[in-house]
Amino acid sequence: MTAQTGICAEPNLHAYYLMFDIKPDGFGAVRAALAELPALWQPLQRDYPDAAFSGLVAVGNEAWDELYPVARPAELAPFPAQQEGLRIAPETPFDLFFQLRADRLDVAYIAVQGVMVLLAGKVELKDERQGFRYLDGRDMTGFVDGTENPEGEHKAEVALVGEGRFVDGSYLHVQRYKHKMARWQRLAVKAQEDIYGRTKVDNIEYESAHKAPTAHTKRTSLKDASGSSMEILRQSMPWGTAAEQGLVFVSCCNTSLHFTRMLDSMFQLDDRGHFDHLTLFTQAETGAAFFAPSQEWLVAQGD
Ligand code: HEM
């Protein structure tokens with residue numbers, strides 16, 4: 001099978017993120033429309049090779065059964081919302097998620113228009129955000145994001161389901177974070193670095209012994225019972241308006257478990273009362289769980 005190109009895509013300069021709900025009588029028409037996406041996107045890749053365009057559609061947990069009653073990915077489940085005091089990561093389900101990425105904004109925008117025409121009358125647009133590369137791949141907090149992502153062939157091993165009916169599909173978790181920038185910028189650089197467990201300008205990882213138990217990279221580096229690293233592929237990008245900014249966080253994985261355990265580790269207090277201090281400086285405004293099936297699945301279900 002062939003994975004959708006946006007899952008393992010290399011970092012790009014621009015992105016559009018679209019969230020839709022399907023109208024109650026629109027499911028059959030949307031199923032047929034999604035089958036046309038690979039053919040809609042292929043010319044963009046062919047005609048604008050310099051743009052390195054990639055498309056990705058993923059179907060929300062709540063919409064899956066009505067859209068594809070024939071079978072359901074085993075680990076597709078509601079978004080694992082978190083609440084610990086004032087720190088929250090809410091669940092805001094959406095039926096469809098699109099990630100349209102390219103190194104040219106115009107090409108990404110052509111894809112947006114194509115999706116809007118394809119889905120017209122069948123869906124409601126619920127959320128949209130434009131993502132962009134910030135400096136040398138930094139989050140708006142000023143730190144390089146994505147350094148410890150899996151690379152090369154390992155990317156696909158982490159991000160894609162390896163076997164079975166949903167082979168080459170991916171479990172996605174998407175959150176739109178809004179940063180508390182004024183609060184973050186009041187911190188000294190050393191305090192910011194301690195929160196990530198990495199240096200800011202040079203992006204060097206702290207030695208493990210020097211990482212605080214509250215450091216983001218400490219809280220998200222988890223191992224399973226057999227001692228193997230629990231990895232995800234992050235495809236996040238910054239967003240910003242004049243007044244607000246943050247991160248569209250996108251996790252792709254062959255299981256839902258790894259993201260779920262990481263988010264829990266970020267928000268919940270451990271036995272010594274520690275949690276991820278990054279959660280004091282950014283607020284998740286959305287959170288939704290999806291499955292991005294293979295291209296062949298999309299096409300076959302449209303018949
Ligand atoms: C690492 C930023 C949310 C999982 C990092 C790094 C940065 C960063 C700057 C260090 C460089 C790197 O390896 O990429 C952010 C920001 C977030 C956010 C700004 C929200 C606004 C999350 C969430 C998860 C997550 C929600 C998962 C639930 C990870 C993982 C690493 C990482 C697995 C690599 C840890 C390691 O092996 O060192 N993040 N992150 N992040 N983050 Fe996040």
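Q: Which helices and strand each supply at least two residues of the shell around the ligand?
A: In this predicted model, 24 residues surround the ligand. The elements that each supply at least two residues of this shell are helix H8 (216-219), strand S12 (245-253) and helix H9 (257-267).

Q: Which element gives the largest share of the shell around the ligand?
A: Among the closest residues to the ligand are Thr 217 and Met 262. The largest share of the shell amounts to four residues, and the element that gives this share is H9.

Q: How many residues of the shell around the ligand are nonpolar?
A: The shell also holds nine polar residues and four charged ones. The number of nonpolar residues is 11.

Q: Why do the buried residues of H1 line one face of the helix?
A: In helix H1 (residues 27-34), the buried residues are Val 30, Arg 31, Ala 33 and Leu 34. They line one face because, seen down the axis of H1, they fall within an arc of 165°.

Q: Which residues is Phe 290 in contact with, leaving aside its neighbours within four places in sequence?
A: Contact here requires C-beta atoms within 7 Å. Apart from the sequence neighbours of Phe 290, the residues in contact with Phe 290 are Ala 58, Val 59, Gly 60, Phe 97, Leu 172 and Val 174.

Terms used: Residues are numbered from 1 along each chain as its sequence is written. This is a predicted model: local features need pLDDT of at least 70, side-chain atom pairs count only at pLDDT 80 or more; totals for chains, interfaces and linings use all residues. A residue is near a molecule or strand if its C-beta atom, placed from the backbone, lies within 6 Å of it. Ala, Val, Leu, Ile, Met, Phe, Trp, Tyr, Cys and Pro count as nonpolar, Asp, Glu, Lys and Arg as charged, and the others, Gly among them, as polar. A residue is buried if 20 or more other C-beta atoms lie within 10 Å of its own, exposed if 12 or fewer, and partly exposed in between; C-beta atoms are placed from the backbone. The arc is that of the directions from the helix axis to the C-beta atoms. Two residues are in contact if their C-beta atoms, placed from the backbone, lie within 7 Å.
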